[in-house]
Amino acid sequence: AIASATDTSRRAWKRLRGFLEGATDLEQGKTGRKLWRLVEMLEENHRVVGMASERVVESVLSLRNFARLDEAERKSADLNDGVTSTLSLVQHRVKHGIDVAMELGDLAPILCYPNQLNQVFMNLLTNAIDAVEELPEGERRITVRTWMEGAQACVQVSDNGPGVPDKVRDRIFDPGFTTKGVGVGTGLGLAICYNIVRKHDGELELETRPGEGATFTVRLPAGE
């Protein structure tokens, strides 16, 4: 509906401009100049509305793909689609001063609950964003990689934040445990991620060193 309305508006303004260009008597005089300025203002406004409409449509499609509300059963899916859709939903957080590198390889499809895995990707991405936000602008980096490793499809999210302290590393997937401040994290995100990945017969791994960032890797068995 949004795209249709925008297209109708575009065609209407094109016809109006054509009419005015053919009305030579309006080329002269103060009234004619004012009318043309008004038309140019309306055209610029239409251009902005059109761009906003395209972003709305893209966001709705990404949200639909992220939620996969029509898929309550296991489906064959490409994890790259889920990663891409999830990243588009957090663009409002990464577009200001965070460098996100995407290195997506060719993945074999896997039989999975796509909406649940998208929740995993969302949690890993938001955790990475939280980890680098306190770094100086220009030094905040997140890398998202996907690749095949034997019969496993792998998704990896890395950041260059402060990392996870050694003394709490073994508890990172425990329900209720969080390294974030009071009122910031619930401590349930990574525990839920771990359970979802295990439900898919996969593995969720953490590599980290204090001061050198953290890398979370999801490994899932491929196959339809």
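This is a predicted model: local features need pLDDT of at least 70, side-chain atom pairs count only at pLDDT 80 or more; totals for chains, interfaces and linings use all residues.

**Notes on the fold and its packing**

1. N123 counts as buried, because its relative accessibility is 15%, and the limit for a buried residue is under 20%. This residue belongs to helix α5. Leaving aside residues up to four places away in sequence, N123 touches G189, L190 and C193.

2. After α7 comes D201, which has a positive phi, near 60°.

3. How do α5 and α7 meet, in terms of the angle at which their axes cross? The angle is roughly 145°, and the axes come within 9 Å. The crossing of α5 and α7 is left-handed. On the α5 side the contact is made by Q116, L117, V120, N123, L124 and N127, and on the α7 side by G189, L190, C193, I196, V197 and K199. Sorted by class, the contact of α5 with α7 comprises seven nonpolar residues, four polar residues and one charged residue.

4. A further helix pair deserves attention. Helix α3 (residues 79–89) packs with α5 at an angle of about 45°, and the two axes are 9 Å apart. That angle makes α3 oblique to α5. The crossing of α3 and α5 is right-handed. From α3 the contact draws on L79, G82, V83, T86, L87 and L89, while α5 contributes L117, N118, F121, M122 and L125. By class, the contact of α3 with α5 has eight nonpolar and three polar residues, with no charged ones.

5. Five strands form an open sheet in the order β2-β4-β5-β7-β6, and the pairing is mixed. β2 (98–104) and β6 stand at the edges with a single partner strand each, so one side of each has no neighbour in the sheet. Direction ignored, neighbouring strands of this sheet are turned against each other by 15° on average.

6. Which strand does β5 join through eight bridges? The partner is β7; β5 (residues 152–159) and β7 run antiparallel. Within this pairing, V155 stands opposite V218 of β7, and A153 stands opposite L220 of β7. Seven of the eight residues of β7 are buried, so that the strand is mostly covered.

7. β7 also pairs with β6, in the antiparallel sense, over six bridges. In β7, A214 has T208 opposite to it. The two strands β6 and β7 form a hairpin with five residues between them, and G211 in the turn has a positive phi of about 85°.

8. Helices and sheet may now be put together. α3 lies across β2, β4 (140–149), β5 and β7, and runs at about 165° to β2. α5 packs on the sheet as well, where it touches β2, β4, β5, β6 and β7; the direction of α5 makes about 20° with that of β5.

9. Some totals for the whole chain complete the account. The secondary structure comes to seven helices and seven strands. Along the sequence these follow the pattern α-α-β-α-α-β-β-α-β-β-α-α-β-β. Of the 224 residues in the chain, 36% are buried. Among contacts in the chain with a separation of 6 or more, 67% are between residues 24 or more positions apart.

Terms used: Residues are numbered from 1 along each chain as its sequence is written. Side-chain values use heavy atoms; hydrogens and water are left out. Helices (H or I, at least four residues) and strands (E, at least two) are DSSP runs, numbered from the N terminus. Axes are lines fitted to C-alpha atoms, for helices over the stretch in contact, and angles run from 0 to 180 degrees between N-to-C directions. Angles under 35 degrees count as roughly parallel, over 145 as roughly antiparallel, 65 to 115 as roughly perpendicular and the rest as oblique. A crossing is left-handed if the near helix is turned anticlockwise from the far one by less than a right angle, and right-handed if clockwise. Contact means heavy atoms within 4.5 Å. Ala, Val, Leu, Ile, Met, Phe, Trp, Tyr, Cys and Pro count as nonpolar, Asp, Glu, Lys and Arg as charged, and the others, Gly among them, as polar. Two strands pair if DSSP finds at least two bridges between them. Buried means under 20% relative accessible area, exposed over 50%, partly exposed in between (1.4 Å probe, protein chains only).
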